[in-house]
Amino acid sequence: MPRDLLAPKAAPRAPRDLFAAPAASTAAPSGYQQPTPPPGMEYDPATGRMIDTAQWDLVLERQRPGLLERVPGAAARTGRVADDFVRGAADLASFGFADEIAAGAGAAVGNGTYERNLVAERQRDAEGGAARLAGQIGGAVLMPGMAARSVTGAAAQGMGQGALYGYGSGEGSAANRAVNAGVGAISGAAVGGAVRGVTNAIGNRIARASIPNNEALREAADRAYQVADEAGIVYRPDAMMRLGLNVQRDLVEAGYHPSLQPRIATVLDEVDRLGQGNVTLKGVDVLRRMASAAGSSIDRSERALATRIIGRIDDMVDRTSADDVVMGDVARGTVALRDARDYWSRLRKSETLDEAVTKGERRAASTGTGGNVDNAVRQNVRGILERPATSRGLTDAERAAGERVVRGTKTQNAARLVGKLSPEGNGLMLALGVGGSLAQPGFGVPAMVAGAVAKRFADRATPANVQRMSETIRSGGLTSREIVARALMGEGPPEVVQSVQELMQRDALVRALGARAASIGADRAMDAVRR
């Protein structure tokens with residue numbers, strides 16, 4: 001077996017005991033008595049001579065290991081700790097094949113046989129302590145495929161990594177390694193999925209906490225409008241005239257006629273009036289609000305024309321140059337106005353959703369037993385999606401969240417179906433439930449209980465979906481998962497970015513510890529199987 005170069009050297013030979021009896025070969029003759037040292041002297045049995053007491057400490061010091069003698073031992077210990085750490089990292093990073101790789105490499109260069117090297121490597125690994133554990137944690141962090149964001153994906157990754165590590169760290173026949181791989185796969189899947197699930201839940205909570213509520217949106221919109229006003233932008237008449245010409249061209253192409261679209265005629269008159277003089281940025285924003293009001297018409301043609309006018313106004317504001325204004329900070333004012341509109345739009349949509357939910361709850365409370373809240377809320381949210389005035393400004397993500405509220409999930413709808421057996425729904429079901437219970441107690445009572453439980457579950461699912469839709473609206477069309485993804489790329493509020501990135505770093509560490517725990521569990525399971 002090759003000598004371990006990093007193993008500590010043999011302990012240095014202990015200094016000779018000055019008071020020890022002489023060796024047998026130098027033993028004094030029988031009857032010899034050790035002389036009594038005179039005052040100020042000490043007897044040295046090694047030399048048989050008297051030594052001055054003042055020089056005695058110097059003699060002992062010389063026989064003590066010096067600094068240069070102590071350094072090699074400390075260096076060896078440091079090297080062994082480093083070796084333990086590297087071995088641990090290699091163990092996890094190589095999925096448990098590090099000992100086989102090292103044994104084969106040694107045999108390939110003529111340093112012993114593979115079998116003897118493997119025994120030596122495993123014996124050396126068994127001697128590793130805290131340094132090896134630290135190395136395994138580091139190796140687990142470096143394991144590939146740690147970027148799965150879903151619980152299912154993380155569980156699949158954990159299963160694959162656990163199986164590989166279980167097989168690689170196993171011993172004996174292929175059958176024994178297969179058992180070890182199975183245990184590792186189960187442990188890895190459980191750890192990977194559980195840790196990712198907890199991490200995602202915490203990340204979503206961080207994201208939701210960063211979403212402004214209605215009052216915060218109102219305050220942000222007011223501040224942005226104030227900044228836009230303070231920018232002091234005043235448009236020249238020719239800029240407003242160009243806007244009027246572009247709007248008129250669009251209206252002609254769309255077949256506009258004042259008698260058919262009277263609301264659009266009012267907006268067009270305002271455009272002509274503003275083209276006769278200088279206009280502040282606030283005046284342009286008022287014009288846009290007039291066009292937005294026309295867009296809430298029940299007439300589809302008026303809604304289409306209003307959308308075109310709004311697009312022209314936004315294009316003019318976004319492309320404002322120094323030549324278009326008499327005075328003012330163009331960059332500051334236009335950006336602030338755009339932010340103000342965004343905040344105000346989120347606020348209006350959020351308030352519309354809140355109002356729809358409140359009306360649904362009130363209608364359900366005023367009819368029957370008040371147990372049909374789920375259906376009433378879903379119907380009101382459907383109205384938001386179907387009415388042009390409320391659906392026009394919804395983003396794709398907000399529409400998708402609204403559809404989830406209206407249509408529900410498969411599990412939720414199945415629970416709603418079973419929930420029809422609940423006596424809480426209406427008076428008729430209560431009467432039928434009571435009658436059925438009296439006629440067939442063994443069936444009627446369990447059916448009522450099952451219906452009540454299912455209905456409660458379905459009723460709780462709808463408020464959760466409504467909350468998700470509200471959060472999507474108030475965040476500007478982003479789901480909590482998208483907020484987390486943007487934070488990982490360094491986008492979003494600084495405090496959210498920092499919190500999410502720190503969370504993901506802890507996630508990697510926890511998963512590393514989980515991988516270590518899974519490996520220990522697999523090894524112990526194999527030991528139990530062998531016994």
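Trainee: Where in the chain is confidence lowest, and where is it highest?

Mentor: The pLDDT is the predictor's confidence in each residue, from 0 to 100. Its mean over the chain is 76, and 71% of the residues reach 70 or more. Helix 18 (residues 427–439) has the lowest confidence, with a mean of 46, and strand 3 (residues 234–235) has the highest, at 93. Helices (H or I, at least four residues) and strands (E, at least two) are DSSP runs, numbered from the N terminus.

Trainee: How many contacts beyond four places in sequence does the model have for residues 1–26?

Mentor: The model has 29 such contacts for residues 1–26, where pLDDT stays under 50; a contact means heavy atoms within 4.5 Å. Where pLDDT is low, the predicted coordinates should not be read in detail.

Trainee: Why is the pairing of Glu471 and Arg208 called a salt bridge?

Mentor: A salt bridge is a side-chain nitrogen of Lys or Arg within 4 Å of a carboxyl oxygen of Asp or Glu. The N to O distance between Glu471 and Arg208 is 3.1 Å, so the pair qualifies. The pair links distant parts of the chain, with Glu471 in helix 19 (residues 441–474) and Arg208 in helix 7 (residues 174–210), 263 residues apart. By this rule the count comes to 20 salt bridges.

Trainee: What makes Glu471 buried and Arg208 partly exposed?

Mentor: Buried means under 20% relative accessible area, exposed over 50%, and partly exposed in between (1.4 Å probe, protein chains only). Glu471 has 10% and is therefore buried, whereas Arg208 has 36% and is therefore partly exposed.

Trainee: What makes Thr462 buried?

Mentor: Thr462, found in helix 19, has a relative accessible area of 3% and is therefore buried. Not counting residues up to four places away in sequence, Thr462 touches Asp374, Val377, Arg378 and Gln412. Thr462 and Val377 are 85 residues apart in sequence and 8.0 Å apart in space, C-alpha to C-alpha.

Trainee: Why is helix 11 called roughly parallel to helix 13?

Mentor: The axes, lines fitted to C-alpha atoms over the stretch in contact, are compared by angles that run from 0 to 180 degrees between N-to-C directions. The axes of helix 11 (residues 281–294) and helix 13 (residues 330–365) come within 11 Å and cross at roughly 30°. That makes helix 11 roughly parallel to helix 13, because angles under 35 degrees count as roughly parallel, over 145 as roughly antiparallel, 65 to 115 as roughly perpendicular and the rest as oblique.

Trainee: Which residues of helix 11 meet helix 13?

Mentor: Leu281, Asp285 and Arg288 in helix 11 meet Gly333, Thr334, Leu337 and Arg341 in helix 13.

Note on methods. Residues are numbered from 1 along each chain as its sequence is written. This is a predicted model: local features need pLDDT of at least 70, side-chain atom pairs count only at pLDDT 80 or more; totals for chains, interfaces and linings use all residues. Side-chain values use heavy atoms; hydrogens and water are left out.
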